[in-house]
Every structure is written in structure tokens, then in C-alpha cells.
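Thanks for coming, everyone. I'll keep this brief. Please look at the structure on the screen.

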Amino acid sequence: MRRSLIPALAAALLLTGAVTAQAGSAPVVAAVQSPDYAAVLASPVRTDEDRARDTARHTAETLAFTGVRPGWKVADMIIGGGYFTRVFSAAVGPSGHVTAWQPDEFIGFQASYGEAVTAADALPNVDGVHSAIGAPVFPSGLDLIFTAQNYHDLHLRPFATDTAAKVNAAAFAALKPGGVYVIIDHDAVAGSDLTVPHTLHRIDRATLIAEVEAAGFVLDGSSDILANPADPRTANVFDPAIRGHTSQFLLRFKKPG
């Protein structure tokens, strides 16, 4: 959707700090403002159900980990029900843009996934898109590609064995130099093989890191804010005994440049 350059410029000035100068004086640079993630979580774009999940999902801390700011171009990769799509819509504001991608295979599996794309597309700064899982629809020049609890799905048995490699390559191509690729997923026992994503819906973080780095990314940070030492990491994530309480890892990769 086309937007006026005026709001975009205003947002940029608020974010980076305006530079002013008077005759015979040195430029004065205003302090860079940190994003107000509390205001993001309170946005009317989000639902009461979303807000009820924020504490358990450490949403404010996750946003800080991504570094997302007003004006950014973001892709939410495999949006599920759109929880993070709405968060990023609020975070990037009217001068930013979010691409909300859902694989066709997910939509074919469950109608609500298609409904989530339609709902996302109705937001003024979001494009809801879908395509085959091995060919994601990402625009170029992105600041951030984000996915939560879905990277392991790239290794489900119905999909081609090179699906993860294709998606990682597409992410690398879509990000601008210095852009970041942030992944949250359910932790598997260290050394687990690639049968575990299908059977337990988890993935070994070392395996994931190796796959993403093979696409050209550099590991730039990690966080244990979603870790749960009480999770033995041996049960299916949908097992009622552990569902909603799995140990998860949070990784940030950067495209060099």
C-alpha cells in the first residue's frame, strides 16, 4: 500500500534523532530514542487474547532481541495464527511494512491458517501472502525475517529434504546487508537427528545453526529467556504434560555486509 513520505520521514527523525545546525555552530545530534515496546504491546491492532499470552512468550524481550524499530521492513515467516504479525505491525508503525507469509501446505491442512493470512492482509501496513513452502514470498531489502516455533516444520516428512536449505537461501537473498534472521524453536536433546522435527516437533539447535550458517548467515546472538530446565525435551510439544511449557531457544543471525 502506498503511503505518504511525510509520516515515514517523521518516524525516521524520531527514531534516529534530528540533526540541526546554526550559523557558526557545530551540528547538534539528538539522542537516539529506544523503541517503546510497552506501547507496542498495548496497540489496538492486537487482541486481548494476544496480550494474555505476552508474559509467557516474553514478547517485549523478544522484540528487543530482534531490534525491530519503526520504519523497518519485516517478514513474519510461517505466521500461524498471526500473533507475531500483529506485534510487528504495531512495532514498525505506519512508516514500516510487514510481509506475513503462510505456506500453501499449512493452509491446505487447516482452514484457520488461510483465515489468518486474510486477517493479516487487512492491516494497513501488512501484506498477507502465501506460496509453496519451498518458495517463500519475501520482498527484497528486508531488515528482519522472523519465525517462531516453525523452523522445525521445514523438516516434516511430507516436504522435500532440501526445503530448509531453500527457505534459508530465500531469507538470505531477501535481507539487506546487515539484516537479521531471528528464529525461535522448541529445543530437542542435543545431538538429535532430523527425525525429531517430525516426531516431536523440536529441533537440535546445533543442527539449526549449521543449516542457517550454510546459507551464508553469521550467528549474531542467542537468548535463553524461553528456556525451561524442567522440560526433558523428549516429549512431543503437543503432549498435554508439556504443551505451552516447552524449552525453547532464541537465535539471531546476521547477513554480512
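Let's start with one residue. T163 has 3% relative accessibility, so T163 counts as buried, the cut-off being under 20%. Keep in mind that this is a predicted model.

Where does T163 sit? It is found in helix α8, residues 163-174. What does T163 touch, leaving out residues up to four places away in sequence? The contacts are I133, G134 and L154.

Now on to strand β4, residues 97-103. How many of its residues are buried? The count is 7 of 7, and the strand is mostly covered. Look at the faces next. In a regular strand, side chains alternate between the two faces of the sheet. On one side of β4 we have H97, T99, W101 and P103.

Next, the strand partners. Strand β3, residues 73-77, pairs with β4 in the parallel sense, over 5 bridges. Follow V74 across: its bridge partner in β4 is V98. How does the chain get from β3 to β4? It passes through helix α5, residues 83-92. This β-α-β crossover is right-handed.

β4 also pairs with strand β5, residues 126-131. That pairing is parallel too, with 6 bridges. Which residue of β5 is the bridge partner of V98? It is V126.

Note on methods. Residues are numbered from 1 along each chain as its sequence is written. This is a predicted model: local features need pLDDT of at least 70, side-chain atom pairs count only at pLDDT 80 or more; totals for chains, interfaces and linings use all residues. Side-chain values use heavy atoms; hydrogens and water are left out. Buried means under 20% relative accessible area, exposed over 50%, partly exposed in between (1.4 Å probe, protein chains only). Helices (H or I, at least four residues) and strands (E, at least two) are DSSP runs, numbered from the N terminus. Two strands pair if DSSP finds at least two bridges between them. A crossover is right-handed if, with the strands pointing away from the viewer, the path from the first strand over the helix to the second runs clockwise. Contact means heavy atoms within 4.5 Å.
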